[in-house]
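Here are my notes on the model you sent over. Have it open while you go through them.

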Amino acid sequence: MSYSETMADLMRADLGVEPGLSEKKMFGGLCFLLHGNMVCGVHKDGAMYRPGKPREAEALAAGAQPLSFTGRPMGGMVELDAGGFEDADLRAKLTELSLVNAASLPPKGAQS
């Protein structure tokens, strides 16, 4: 397993029961999608969130770091290391920003 199942369970709890939520293995981890659009996920080094470019500065100000798998930041994406992920208030803020972003996007194809 390339990600923490405990972290995935916490992320599931943070997301709650939202119509249109699904899970998909990607980026070497597990991602959570709303109507096919990525909201957040877990990977081997921590957690990632997609607040989108309009909310990225707010997510960074809250305590997240730019997401960078290759050394180059991915716009509109932020991450938390395992230590940052322990902060429930920070997770809640990033989850909220990311759900708002995903809900603002048009639904993508068939859900898995």
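The points below go from the sheet to the helix packing, the cores and the rings.

1. Ground rules first: this is a predicted model, where local features need pLDDT of at least 70, side-chain atom pairs count only at pLDDT 80 or more, and totals for chains, interfaces and linings use all residues. Numbering starts from 1 along each chain as its sequence is written, and side-chain values use heavy atoms, with hydrogens and water left out.

2. The sheet is open, with six strands in the order 1-2-3-4-6-5 and antiparallel pairing. Strands here are DSSP E runs of at least two residues, helices are H or I runs of at least four, and both are numbered from the N terminus; two strands pair if DSSP finds at least two bridges between them. Strand 1 (21-26) and strand 5 (65-66) sit at the edges with a single partner strand each, so one side of each has no neighbour in the sheet.

3. Walking along the sheet, six bridges tie strand 1 to strand 2, with Lys24 partnered by Cys31. Their hairpin has two residues between the strands, and Phe27 in the turn has a positive phi of about 55 degrees. Five bridges then link strand 2 to strand 3, where Cys31 faces Gly41; in that hairpin His35 takes a positive phi near 50 degrees.

4. Strand 3 and strand 4 share four bridges, and Cys40 has Tyr49 as its bridge partner. Another four join strand 4 (residues 46-49) to strand 6 (residues 78-81), with Met48 opposite Glu79. Strand 3 is mostly covered, seven of its seven residues being buried (under 20% relative accessible area, 1.4 Å probe, protein chains only).

5. Helix 4 (residues 88-103) lies across strand 2, strand 3, strand 4 and strand 6, at about 145 degrees to strand 3. Angles run from 0 to 180 degrees between N-to-C directions, with axes fitted to C-alpha atoms, for helices over the stretch in contact (heavy atoms within 4.5 Å).

6. Which residues touch the most other members of the largest nonpolar core? Met11, Tyr49 and Leu94 do, out of 23 residues. A nonpolar core is a set of buried Ala, Val, Leu, Ile, Met, Phe, Trp, Tyr and Cys residues joined through side-chain atoms within 4.5 Å. Helix 4 gives the largest share, five residues. Apart from this core lies another of six residues, including Cys31 and Leu67.

7. On rings, the search finds zero aromatic pairs in the whole structure (Phe, Tyr and Trp ring centres within 6.5 Å, using the six-membered ring of Trp). Arg91 does lie over the face of Phe85, 5.0 Å from the ring centre; the criterion is NZ of Lys or CZ of Arg within 6 Å of the centre and within 35 degrees of the ring normal.

How values were computed
Buried means under 20% relative accessible area, exposed over 50%, partly exposed in between (1.4 Å probe, protein chains only). Rings of Phe, Tyr and Trp (its six-membered ring) pair if their centres lie within 6.5 Å; planes under 30 degrees apart count as stacked, over 60 as edge-to-face and the rest as tilted.
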